[in-house]
Amino acid sequence: MDITLIPGYQYMPELVEMMLKIVFIFTMNVGVFAPLLGYVERKQSALMQDRIGANRAAILGFTIFGLWHTMTDAIKLIAKEDFIPEGADKPLHFLAPFVAVVPALIAFAVIPFGGTYYLWGHEAHLIIADLDVGILFIFAVAGIGTYGAVIAAWASNNNWSLLGGVRTAAQMVSYEVAMGLTIVGVLMVYESLKLTEIALIQEDFFMWGIFLQPVGFLLFLACALAENKRVPFDIPEAESELIAGYFTEYSGLKFAMFWMAEFVEIVTISAILTVLFFGAWHIPFVTHDGLLSLLTSVVGADIGNLLLMFIHLAVFWGKVCFLIVFLMLIRWSLPRFRYDQIMKLGWKIILPLALVNILATGVILLVVK
Amino acid sequence: MGVENEEQGFEHVLGDSVILTTVEQVVGWGRKFSFFLYPFITACCGMEFMSVAGPRYDIDRFGAALPRFSPRQADLLIVVGTISHKQLPILNKVYNQMAEPKWVFAYGACVVSGGMYDNYSTAQGIDTILPVDVYVPGCPPRPEMVFDGLMKLQDIVQNEKFSKWPRGAGKYTAEELK
Ligand code: SF4
């Protein structure tokens with residue numbers, strides 16, 4: 001049969017490309033990073049505390065540095081009783097973990113993880129949905145993630161959960177305001193909300209966000225950490241005060257899903273930081289065209305493009321991994337803030353500083369232009 | 001027994017190229033290396049427990065590092081320190097709140113038998129109200145003993161049958177314990 005007779009065949013390459021990208025991002029997050037981060041966190045804490053860390057589980061005598069413990073944890077959690085407390089709102093109790101995980105994954109749809117490549121006559125963009133309002137979309141979706149925690153807290157019929165949920169809501173709302181403002185400076189410099197455009201401008205090493213917006217970077221980092229709800233901003237689940245906060249009443253796999261949400265959020269935050277401040281997939285002092293012409297002269301245009309794509313993917317994910325390790329370093333170094341300290345930091349320090357940053361950026365832009 | 005013989009038969013035929021196992025074994029393997037602890041610490045043994053969890057002895061090597069203070073998420077109730085009669089209802093409540101499967105670890109002479117507190121106020125061992133899986137005596141027990149106990153518990157968990165679960169609530173209700 002002639003393939004051209006199938007209705008809509010001309011969209012086939014796009015469809016295949018789209019599916020591949022979605023599968024790639026999904027496996028990267030859920031299949032690679034979520035389980036691996038559990039392991040990395042464990043081993044990193046062990047290193048930082050001068051311990052050995054998990055290393056006993058073995059298959060046929062191979063322990064592979066304790067990597068099996070990720071698998072044993074998963075098996076254990078799957079085989080654990082799925083508990084729903086008496087008086088809980090069953091549908092909502094069931095729904096909450098999904099509401100927490102899904103937005104973190106969806107946010108990845110607008111993050112570019114590579115440039116544009118011409119492969120055998122097909123133009124491949126390494127981004128799932130190149131929205132004009134990319135960065136706003138991320139904020140909108142991240143806002144939905146808050147509902148996961150709040151619904152979980154409300155549906156559990158438990159006072160500790162409820163307190164955790166209220167704290168989550170307060171913390172998230174405060175820091176979302178500040179976070180939106182910290183990013184305005186970046187948007188003013190790059191004159192775009194589109195993440196691919198922001199990334200493309202950073203091909204020039206000295207145009208990286210971290211050089212143009214150092215204050216914005218620090219403020220955004222602080223806000224992103226707070227949005228992530230991990231130490232030092234883990235007041236919603238503060239173990240010494242609220243047992244386990246909003247997921248006190250969750251057991252087994254649903255409890256693991258809240259963890260997964262946190263881990264996926266770390267990856268998302270690192271990816272956003274990479275795109276906005278660390279030159280996305282670009283190698284310092286190496287331009288896209290320069291490297292491409294070099295590769296093309298060696299292996300030809302198509303293979304050259306393909307190779308370049310893999311190089312850029314490696315660079316992008318390498319930067320993301322570096323930032324993840326950095327974020328975990330913070331997690332294992334700092335003690336938890338008190339509730340009032342968190343609120344003070346958000347409203348009285350970060351918010352005014354972000355406004356000053358916007359003003360300063362505006363003045364400098366006016367002077368330079 | 002018949003099933004086990006059949007398995008040996010398969011492995012005999014297939015040689016070392018295939019590993020046969022049962023779901024029970026795999027789940028047991030997963031569970032034994034992934035205890036989330038609920039540390040129920042009341043007295044001096046707690047100091048020694050810190051040493052067990054700390055860098056020098058490092059209980060994380062056995063995969064049992066993570067303390068979950070919500071009983072729903074914990075697997076292993078480690079009872080550390082003297083348990084008075086006033087504490088018993090609380091301990092019982094925590095045990096009942098834990099999600100299945102759950103194990104109980106008696107850490108120290110006081111928990112095992114009341115220890116030197118043979119008096120009106122102290123419970124003479126928590127096994128008077130809870131099913132205990134491992135007893136580690138000592139006042140306080142050395143971390144080496146604790147790890148020995150933990151490894152024995154791992155052996156038990158590895159060979160557990162699913163029919164053992166659920167264990168259900170403790171022997172006594174809250175009213176009876178008062
Ligand atoms: S066994 Fe000894 S060390 Fe442990 S709680 Fe009892 S008295 Fe204290």
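Are E249(A) and R72(B) buried or exposed? Both E249(A) and R72(B) are buried (under 20% relative accessible area with a 1.4 Å probe, protein chains only; exposed is over 50%, partly exposed in between). This is a predicted model, where local features need pLDDT of at least 70 and side-chain atom pairs count only at pLDDT 80 or more, while totals for chains, interfaces and linings use all residues. Residues are numbered from 1 along each chain as its sequence is written, chains are lettered from A and ligands numbered from 1 in the order in which they are written, and side-chain values use heavy atoms, with hydrogens and water left out.

**The interface of chain A and chain B**

- Chain A brings 35 residues into contact with 29 residues of chain B (contact means heavy atoms within 4.5 Å).
- The two chains bury about 2700 Å² between them, with 58% of it on carbon and sulfur atoms. Buried area is the accessible area (1.4 Å probe) that two parts lose on being put together, summed over both.
- On the chain A side, R56(A), K76(A) and K80(A) lose the most area to chain B, together 23% of what that side buries.
- Between the chains there are 19 residue pairs in polar contact, both residues at pLDDT 80 or more. A polar contact is a pair of N or O atoms within 3.5 Å; within protein, one must be able to donate a hydrogen and the other to accept it, and residues adjacent in sequence count only if both atoms are side-chain atoms.
- Two elements, α2 (68-78) and α10 (252-277) of chain A, each give two or more residues to the side that touches chain B. Helices (H or I, at least four residues) and strands (E, at least two) are DSSP runs, numbered from the N terminus.
- α2(A) gives the most to that side, with eight residues.
- By class, the side of chain A that touches chain B has 18 nonpolar, seven polar and ten charged residues. Ala, Val, Leu, Ile, Met, Phe, Trp, Tyr, Cys and Pro count as nonpolar, Asp, Glu, Lys and Arg as charged, and the others, Gly among them, as polar.

**Helix α2 of chain A**

- Its buried residues are W68(A), H69(A), T72(A), D73(A), I75(A), K76(A) and L77(A).
- They pack against α1 (12-48) and α10 of chain A, together with α2 (23-32) of chain B.

**Salt bridges**

- The structure holds 15 salt bridges over all chains, and six cross the interface of chain A and chain B. A salt bridge is a side-chain nitrogen of Lys or Arg within 4 Å of a carboxyl oxygen of Asp or Glu.
- K76(A) and D75(B) form a salt bridge at 2.5 Å, N to O. K76(A) lies in helix α2 of chain A and D75(B) in the loop between α3 (45-53) and β2 (76-80) of chain B, so the pair joins two chains. Both residues are buried.
- D75(B) also forms a salt bridge with K80(A), the closest N and O atoms being 2.7 Å apart.
- E249(A) and R72(B) meet in a salt bridge at 2.6 Å, N to O. This pair runs from the loop between α9 and α10 of chain A to the loop between α3 and β2 of chain B.
- Within chain B, D148(B) and K152(B) meet at 3.1 Å, N to O. They are four residues apart in helix α6, so about one helical turn separates them.

**Nonpolar cores**

- The largest nonpolar core has 74 residues, and I111(A), L195(A), L276(A), F316(A) and W317(A) have the most contacts inside it. Such a core is a set of buried Ala, Val, Leu, Ile, Met, Phe, Trp, Tyr and Cys residues joined through side-chain atoms within 4.5 Å.
- Helix α12 (residues 301-333) of chain A gives the most to this core, with eleven residues.
- Another core lies apart from it, with 23 residues, among them F35(B), W103(B), V136(B) and V146(B).

**Backbone features**

- The peptide bond from E100(B) to P101(B) is cis, with omega near -10 degrees. P101(B) lies in the loop between α4 (88-97) and β3 (103-107) of chain B.
- The bond from C139(B) to P140(B) is cis, with omega near -10 degrees.
- D50(A) is not a glycine, yet has a positive phi of about 60 degrees. D50(A) counts as exposed, at 63% relative accessibility.
- K229(A) has a positive phi near 60 degrees. K229(A) is buried, with a relative accessible area of 6%.
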